[in-house]
Amino acid sequence: MAASSESTENSESFLRKRRTSPLISDSHSNEDKSETVQDEDLSKYDKKEGVSLQTGTYWLTRIVLLRAIAFIYFVAFTVAYMQNKQLIGEKGLMPCKDYLRSVKRYVGGKIDFKALAYTPSILWFMDWNDMDANLDGIALAGMAISGFVLLMGRANMMLMGILWILYHSIVNVGQLWYSFGWESQLLETGFLGIFLCPLWSLEQLPRHCPPSLISIWTFRWLIVRIMLGAGLIKIRGDRCWRDLTCMDYHYETQPVPNPISYYMHHSPWWFHRFETLTNHFVELVVPFFTFMGRRMCMVNGVLQILFQIALIISGNLSFLNWLTIVPSLACFDDASLAFLFRRTGRARQTLLKIQTEAAAGHSPPPTKGMLIRRVVNVSLGILIGYLSVPVVMNLLSSRQVMNTSFDPLRIVNTYGAFGSVTKERTEVVFQGTLSENHTEEGVIWEEYEFLCKPGALNRTPCLISPYHYRLDWLMWFAAFQTYEQNEWVIQIAGRLLANDSTVLSLMGHNPFQGREKPRWIRGEHFRYKFTRPGSSGAAQGKWWVRKRIGPYFPPVTLENLRGYFKSRDWPFPDRY
């Protein structure tokens with residue numbers, strides 16, 4: 001079956017080679033050869049003569065894109081399975097059941113179209129008596145389906161659609177914990193992934209459903225918007241992006257540094273200037289290469305992927321950078337991605353056969369299903385174009401906003417990152433004591449540790465990307481705000497006073513493990529800085545030095561917080 005004109009570009013050099021090949025003959029006897037013999041000849045010809053795949057087709061590109069999307073989904077659903085119960089489960093910090101009830105009241109007390117439009121989630125139709133089981137079931141189903149697509153490199157619209165619905169169902173009830181830009185980016189990427197696939201078939205190279213050039217361009221349009229959004233928000237935002245000094249601070253003050261961040265922070269000043277200029281070039285200039293023909297589009301893809309790899313190496317930014325690599329893969333066609341597939345492998349040999357038949361003009365007329373699919377592809381292009389209008393207007397606006405959705409299904413969104421860069425790192429440290437009187441002399445305050453964010457000065461920064469600790473990330477935001485702006489911090493303090501196992505599972509170290517409960521908890525505010533290489537602190541194995549700013553919240557007891565919990569309708573910790 002030939003690829004459609006939408007996704008195939010003829011290669012004259014390829015045709016010349018095929019005309020001289022004994023594989024293609026005008027005689028009916030050659031046309032009647034068995035498919036097995038033809039496959040063997042193709043394999044020999046490809047191996048001995050080194051025939052290259054045609055440019056302008058995207059069969060292998062589809063396989064690579066599907067595996068990349070599935071990998072991100074698998075990570076995202078794994079994070080959900082490991083953390084959702086603690087964050088939005090029955091005993092979570094912000095139970096999604098309570099959120100759904102509040103939405104239900106807001107839309108009139110019924111679970112109808114209004115409720116579904118306000119908060120699209122299949123949780124509306126599930127049994128709320130065991131929300132933990134519902135959340136686990138969604139996450140496990142997502143892990144299973146994405147794992148299948150990742151391993152097999154094949155999918156259909158139904159499977160990709162299910163993944164999209166499942167993740168939508170989590171994000172839309174995730175509240176603060178799912179308020180990051182990469183959630184919308186994954187949903188948009190996943191939506192586009194649906195239209196890469198045939199409706200039902202699970203063939204890796206379904207001949208009746210060639211990859212649509214429109215579908216490929218929707219991914220390219222996504223990477224263009226992501227990078228331009230990120231670049232423009234920087235130029236319009238923090239002055240340090242314009243005077244090229246932002247990278248003097250970024251590695252030390254980013255949400256969750258890794259060990260490489262330490263060494264990158266201590267790079268020479270001129271290297272930081274070079275980094276900032278490179279950032280502007282990659283985000284503001286390189287995206288336009290997409291529209292300058294095949295070679296320049298590939299240059300864009302290479303530079304974007306290398307840029308994201310550099311960001312992955314230098315910090316723990318969740319799966320954001322891994323996800324941003326995905327649409328960049330659409331900049332490459334089959335000929336450029338052939339090196340990822342074994343020369344004698346089934347996928348590459350099948351593709352060579354498809355291209356050979358297309359070059360010989362043996363393509364049968366399009367089926368009814370293929371014609372319907374073309375209508376679907378055109379409709380997708382029109383939809384993305386229509387929903388892109390407010391996004392483009394936002395990009396052009398001097399009041400640009402980042403990480404915003406203009407439609408409830410988050411099909412086309414605005415993006416951006418680090419429009420402003422904090423110039424110093426502050427941390428909130430939870431401390432507890434067994435002393436009955438926290439003001440008496442000689443009180444010993446013992447510190448809790450989070451799973452990844454900086455705390456103990458000699459603890460090696462973690463390396464977890466693409467995994468993501470949602471509480472650690474939110475604590476970074478809380479540190480340069482106040483506890484009044486982040487009341488959930490006080491809820492954590494109350495539940496630590498009760499040695500609540502749900503919250504403690506989100507912590508890296510409980511100083512009162514196996515002992516009685518702490519009587520007092522307080523939050524201390526510190527300013528953190530990386531130690532200098534060769535300094536006395538570094539010689540002692542310390543990664544950080546810190547200086548106390550003051551109290552973040554005052555010492556509290558469980559009884560002190562009873563009224564605070566009651567006024568916010570939080571279950572009191574002694575019930576857990």
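1. Let's start with T276. Leaving out residues up to four places away in sequence, T276 touches W241, L244 and M247. This is a predicted model, and in it T276 is found in helix α14, residues 269-284. With a relative accessibility of 0%, T276 counts as buried. A polar atom of the T276 side chain lies 2.9 Å from the backbone oxygen of H272.

2. N258 is another residue to look at. N258 sits in the loop between α12 (247-253) and α13 (259-265), and its relative accessible area is 0%, so N258 is buried. A polar atom of its side chain lies 2.9 Å from the backbone nitrogen of I260, and the N258 side chain also reaches the backbone oxygen of I313 at 2.9 Å. Not counting residues up to four places away in sequence, N258 touches I312, I313, S314, G315, N316, P461, C462 and L463.

3. Next, the nonpolar cores. The largest has 131 residues, and those with the most contacts inside it are Y167, W177, F430 and W488. Helix α4 (residues 59-88) gives the largest share of this core, 18 residues. A second, separate core has seven residues, including Y262, Y528, F530 and W544.

4. Now the aromatic rings: the whole structure holds 34 aromatic pairs. Y73 and Y167 form an edge-to-face pair, 6.4 Å centre to centre with 75° between the planes. Because Y73 lies in helix α4 and Y167 in helix α8 (residues 157-171), this pair ties together parts that are 94 residues apart in sequence. Y73 is buried at 0% relative accessibility, and Y167 is buried with a relative accessible area of 0%.

5. Y483 and F553 make an edge-to-face pair too, since their ring centres are 6.5 Å apart and their planes are at 75°. This pair links distant parts of the chain, 70 residues apart: Y483 is in the loop between α20 (470-479) and α21 (488-497), and F553 is in strand β6 (residues 544-556). Y483 counts as partly exposed at 22% relative accessibility, whereas F553 counts as buried at 2%.

6. Ring pairs also link Y262, Y263, Y528, F530, W543 and W544 into a cluster.

7. The charged end of R522 sits over the ring of W445, 4.1 Å from its centre. The charged end of R562 sits over the ring of F572, 4.1 Å from its centre.

Terms used:
Residues numbered from 1 in each chain as written. Predicted model: local features only at pLDDT ≥ 70, side-chain atom pairs only at ≥ 80, totals over all residues. Heavy atoms only, no water. Helix = DSSP H or I, 4+ residues; strand = E, 2+ residues; numbered from the N terminus. Buried < 20%, exposed > 50% of the residue type's maximum accessible area, 1.4 Å probe, protein only. Polar contact = N/O pair within 3.5 Å; in protein donor to acceptor, adjacent residues only side chain to side chain. Contact = heavy atoms within 4.5 Å. Core = buried A, V, L, I, M, F, W, Y, C linked by side-chain atoms within 4.5 Å. Phe/Tyr/Trp six-rings, centres within 6.5 Å; stacked < 30°, edge-to-face > 60°. Lys NZ or Arg CZ within 6 Å of the ring centre and 35° of its normal.
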